[in-house]
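Keep the sequence at hand.

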Amino acid sequence: MSKNIKVGLIGVGLMGHGMGHNVLKSGYDLRLYDTILTEGMKELTSGGAKAMPDIGSLVESCDIVLCSLPTIPVINEVVGGPGGVIDSVREGALVVDTSTSTPVLAQSFAERLEAKGAGFVDAALMKGPVQAMEGTLNIIAGGAVDDVTRAKSVLDCFATTFFHVGPVGSGFTVKLLNQAIGLGTHAVVTEAFVLGAKLGVDISVLFDVIDSGQASSEKLKILSQKFLEHDYSLKFATQTGIKDLRLCERMSVEAEGHTPILNTVISLFEMNAALGNNAKDVSTLAETIGKLSGIDFTTIAHKDQQD
């Protein structure tokens, strides 16, 4: 695709900053809008991007509009509300939502945009702000083949792995299922390690045994390392995990699905949040389950450290 096209980015937070950095570096004409003057806005405008005064002026001037927004209410307002993206979009434009949202909402936006002669792609992101800045995100896209192909030329600026998983809404569906599996596995691994510690098992030995069999996983390796090194530094906040799980629950309800395990996982992370860990890393779930089990798991000594 020609680099002469104009790309808009609405939402220049931690993820949007990295995305915009790489779009600009790739030579696109980049226009920005955010309600606050973020560090990303400052860096990108100093590098040549143009800050726009409102959503309407950005959307009216752009061929492809990227949205990187934090919550469903904000997405609804910015994309679908009065004076939002859909109200302002021009015929032939393409809207790409990289937020974490639901398939039903994506489909409703796509229908409204189609009526105005514009396209829509849901492009869910995997990994975080560091990878956004490095340009190494994974993207899970849903949409018509032509729209996804068109969006990919811009999305490739900040991604190294790209999946087109189906029609509009499919990207968000797969992202939310991925989050449910990841956080569900996180909860089960945490429970097992805390119980093992309470029963006197050396958790480094527990890891070696589990890692040698079919229960091994990338989540097991990451969590075990955090437990063994007593590293509960913030990488993925509990509140963000709850948001994703609640969106997956909403998706299940809308599809009349049955997800009792998901409901249990949500209750565990919400309990962790209620005990003061809402803004802390999801790995602090070990602290909460440890307290309920009568041990201080986060400072527990391992047998190999006592010898």
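**Strands and helices**

Reader: In E2, which residue is the bridge partner of isoleucine 10?
Author: This is a predicted model, in which local features need pLDDT of at least 70, side-chain atom pairs count only at pLDDT 80 or more, and totals for chains, interfaces and linings use all residues. Residues are numbered from 1 along each chain as its sequence is written, and side-chain values use heavy atoms, with hydrogens and water left out. Strand E1 (residues 6–10) pairs with E2 in the parallel sense over five bridges; strands (E, at least two residues) and helices (H or I, at least four) are DSSP runs numbered from the N terminus, and two strands pair if DSSP finds at least two bridges between them. In E2, the partner of isoleucine 10 is tyrosine 33.

Reader: Which residue in E3 stands opposite leucine 32?
Author: E2 and strand E3 (residues 50–51) pair in the parallel sense over two bridges. In E3, the residue opposite leucine 32 is alanine 51.

Reader: How many of the five residues of strand E2 are buried?
Author: Buried means under 20% relative accessible area, exposed over 50%, and partly exposed in between (1.4 Å probe, protein chains only). Strand E2 (residues 29–33) is largely enclosed by the rest of the structure, because the number of its five residues that are buried is four.

Reader: What separation do the C-alpha atoms of aspartate 147 and methionine 133 have?
Author: Aspartate 147 lies in helix H8 (residues 145–155). Methionine 133 is 14 residues from aspartate 147 along the chain, and their C-alpha atoms are separated by 25 Å.
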